[in-house]
Amino acid sequence: MIIVLKNGISDPDKDRLTSFLSEKGFRIREVVGENETVVGAVGSVSIDYREVEILPGVDRVIPISKPYKMASRELHPQDSVVSIGRVKIGGSRIVTIAGPCAVESRQQILDVAWAVREAGGVMLRGGAFKPRTSPYSFQGMGFEGLKYLKEAGEATGLPVVSEVVSPSDAEEMGRYVDAFQIGTRNMQNFELLKSVGSIGMPVILKRGLSATIEEWLMAAEYLLASGTEDVILCERGIRTFGRATRNTLDISAIPVVRELSHLPIIVDPSHATGIRDKVPPMALASVAAGAHGLIVEVHTNPDKSFSDGPQSLWPQQFDKLLRDIEALCPTVGREMARLPERHQEDVLQSHLEGKVGKPKVVFQGERGAYSERAILNYFPEGEVDPTPVPAFRDIFNSVLAGDASWGMVPIENSLAGSVLENYDLLTRYPDIKIVGEIKVRIRHNLMVKPGVAESDIRRVFSHPQALSQCAEYIAAKGWEAIPFFDTAGAAAMVARSKDRDVAAIASAEAALFHRLDILAEDVETNPRNYTRFAVIAHVDAPGPENADKSSFTFALKSHPGALAECLAVLKAHDIDMTKLESRPIAGKPWSYMFYVDVMIPEDAARFEAAETEFQNVAQEYRNLGRYRSV
Ligand code: PEP
Ligand code: MN
């Protein structure tokens, strides 16, 4: 049953309620929601609800209609977020867990762990106890394997997960792993569920080969009822009559489970398909369908793998998959979970050790600006402090002065073009460099003060660009569009205004921050509205080691064919140029500065050779930074 507490229930009343319930034999879980606090009470005892309803501080009692109680969304309306070390599963971020089917040797798991980390995976998997179909197949390295897995996790900073197959191993295994995995063959091994659940650590529960969703949630209920609060469901394909793939990935299970349960759900496209080249499309489909993460088999040499080689991705394939997911994320309103990159680690670590506050990342505008969303998406969750400043120039100045560790500056919009002011600032601040980039989908929302109805609106405020991007919507409503200096600023103004006929167009974050109600989402005419941001840092700050993109500026010598000569250098070294933009040079009418983006080839020396040659044919060459492309 769900016991809804009265707002402001006193502590003695709450204590009386919980002791009453535990004496009756209920397991209790308090769930603090946005508007009310409830206590979930489950157990194999029956009780007359009226006995609870009359207790002081109790507002009402609601029976849970589903056979699974603690796993049910009725008990816990908000999504649960499970923390495994620094990794959080269940929010808007896509968590990527990867590693070999089985730990095969110390070197093998270390190599795979580094490959996973370099590609951007945030957690490491590796079986040590393998429940194989044949007793003659490799059964895993047991505790020796777990020791290597733990070592590889610690070396790379990746939390680790491994499958537990026996109740008697659970406790000892808990010393090596950050999360347990219950395999498909053991989903209904209730003794195993009880002993693993009682340890209280996070558990990834695979769906049984032929389990219905209800049976699966009942298995989760066993874990929750035994003591852990942290269960992650994993859809890994079910047995159907289809033979084209190893199993059939039940994609529809993702939205179905998300409706029935608050528990996070991830997908294992490797066991679902059993075929390497079918893994990436199913992984992308899972993200689009709303999965919170993926668990993928990756091996540095799949052909030599002791188990599941044919379904294991090569590291390069995993790397590409992560980039594809990253490209998909803005379209489906998600972000990638990230661990700090090595070059960010020092700054972030000193905060985690409590030496300094969270590192600041500055952006232009008001709280809730799209730039703030870019910061939240780019940096590891909750580890930086997004700080607004009034003007773009202030971003550069605070990074230069060391007040902020990084800055987030919009560079170009897919519909409106380049943000020229920032190109100019990049060229004018030689002590600032680009260390990263991120693309954010711009989704405009119509927002008003709470209680205002659409029919009250007469005037809509926003940045002129946002107004023009939503012109069709505004015109159809017959409202007056009034330009404002920025989108989040318009939201702040509406929040402060006494007028009831005003609305703003801004991001969902701006609505949340300024406590406005969203009346309509995605009111932009063209949904292909993305902004690319550059992450900037001081030139002396470390940059990423895995950079594959660089930006530079240059001016031309004054003779015919000067631009062609410059571009010929790039061609000669086979350097891929992805952007070329010209800007008038301030104070030199009719002279131009060129801004270029190029991809750094695998063999970075080729890029460096091109750079040296480029400096001879161009003027005022300046490298703006090397970074990882999106
Ligand atoms: C595994 O993850 O290696 C595994 C054996 O998975 P499943 O239990 O889904 O078959
Ligand atoms: Mn496997």
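Student: Which atoms count as donors to a metal in this predicted model?

Tutor: The model is predicted, and water is not among its atoms, so a site may look incomplete. For a metal other than Na, K and Ca, the donors are N, O and S atoms within 2.8 Å.

Student: How are the donor residues of the manganese ion (ligand 2) spaced in sequence?

Tutor: The manganese ion (ligand 2) is coordinated by Cys 101 through SG, His 271 through NE2, Glu 297 through OE and Asp 308 through OD. These contacts lie at 2.0 to 2.4 Å. Written as a pattern, the spacing is C-x169-H-x25-E-x10-D.

Student: Where do Glu 297 and Asp 308 sit in the chain?

Tutor: The two residues are 11 residues apart. Glu 297 belongs to strand E14 (residues 293-297), while Asp 308 is in the loop between E14 and helix H11 (315-328).

Student: Is Asp 308 buried or exposed?

Tutor: The cut-off for buried is under 20% relative accessible area. Glu 297 has 1% and therefore counts as buried. Asp 308 has 17%, so Asp 308 is also buried.

Student: In what sense do strands E27 and E29 pair, and over how many bridges?

Tutor: Strand E27 covers residues 549-555 and strand E29 covers residues 588-599. Lys 549 has Met 599 in E29 as its bridge partner. The pairing of E27 and E29 is antiparallel, over 7 bridges.

Student: Which residue in the turn of the hairpin of E28 and E29 has a positive phi?

Tutor: Strand E28 (residues 577-585) runs antiparallel to E29, joined by 8 bridges, and Ser 582 stands opposite Phe 594 in E29. The hairpin has 2 residues between its strands. The turn residue with a positive phi, about 85°, is Gly 587.

How values were computed. Residues numbered from 1 in each chain as written. Chains lettered and ligands numbered in written order. Predicted model: local features only at pLDDT ≥ 70, side-chain atom pairs only at ≥ 80, totals over all residues. Heavy atoms only, no water. Donors = N, O, S within 2.8 Å, 3.2 Å for Na, K, Ca; no water. Helix = DSSP H or I, 4+ residues; strand = E, 2+ residues; numbered from the N terminus. Buried < 20%, exposed > 50% of the residue type's maximum accessible area, 1.4 Å probe, protein only. Pairing = 2+ DSSP bridges.
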